[in-house]
Amino acid sequence: AELARDYIELRDTQSQLRIARQNLEIARDAVNLAQVRVREGVTTELDVANASAQAESIESLIPTLEAKGETTINAIGVLLAQEPGALRHAFGESRDVPPL
């Protein structure tokens, strides 16, 4: 049961990481757009600061999610009597959580 729980947790974490990376890309585009709008005189630097803060907030989530994924892969490895990191290749690629 613990193995199944860890597997589902890993796939969920990988999904969250994929979404966070996509959101970071979007947030960086928003920063660029805000900078263009400031140059054009349409908005103020406050919008750039807000967009930058949002991008930095999203970016700060990524290392935590990466570490959680690595920890979960290692937990699965322990349950399968594998060395730490031995399953990184098998589970490192993000996949969807299988339906129940």
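Mentor: Happy to! Start at Gly41, which sits just after helix H1 and takes a positive phi of about 80°. Keep in mind that this is a predicted model, where local features need pLDDT of at least 70, side-chain atom pairs count only at pLDDT 80 or more, and totals for chains, interfaces and linings use all residues. Residues are numbered from 1 along each chain as its sequence is written, and side-chain values use heavy atoms, leaving out hydrogens and water.

H1 has 38 residues, and from its first C-alpha to its last it reaches 55 Å, close to the expected 56 Å (1.5 Å times one less than the number of residues).

Next, look at what H1 hides. Its buried residues (under 20% relative accessible area with a 1.4 Å probe, protein chains only) include Asp6, Leu10, Arg11, Thr13 and Gln14. Further along H1, Leu17, Ala20, Leu24, Ala27, Val31 and Ala34 are also among the buried ones. Helices H2 and H3 are included in what covers them, with contact meaning heavy atoms within 4.5 Å.

Ala81 has a positive phi of about 60° although it is not a glycine. Most residues other than glycine have a negative phi. Ala81 counts as exposed because its relative accessibility is 69%, and the cut-off for exposed is over 50%.

Technical notes: Helix = DSSP H or I, 4+ residues; strand = E, 2+ residues; numbered from the N terminus.
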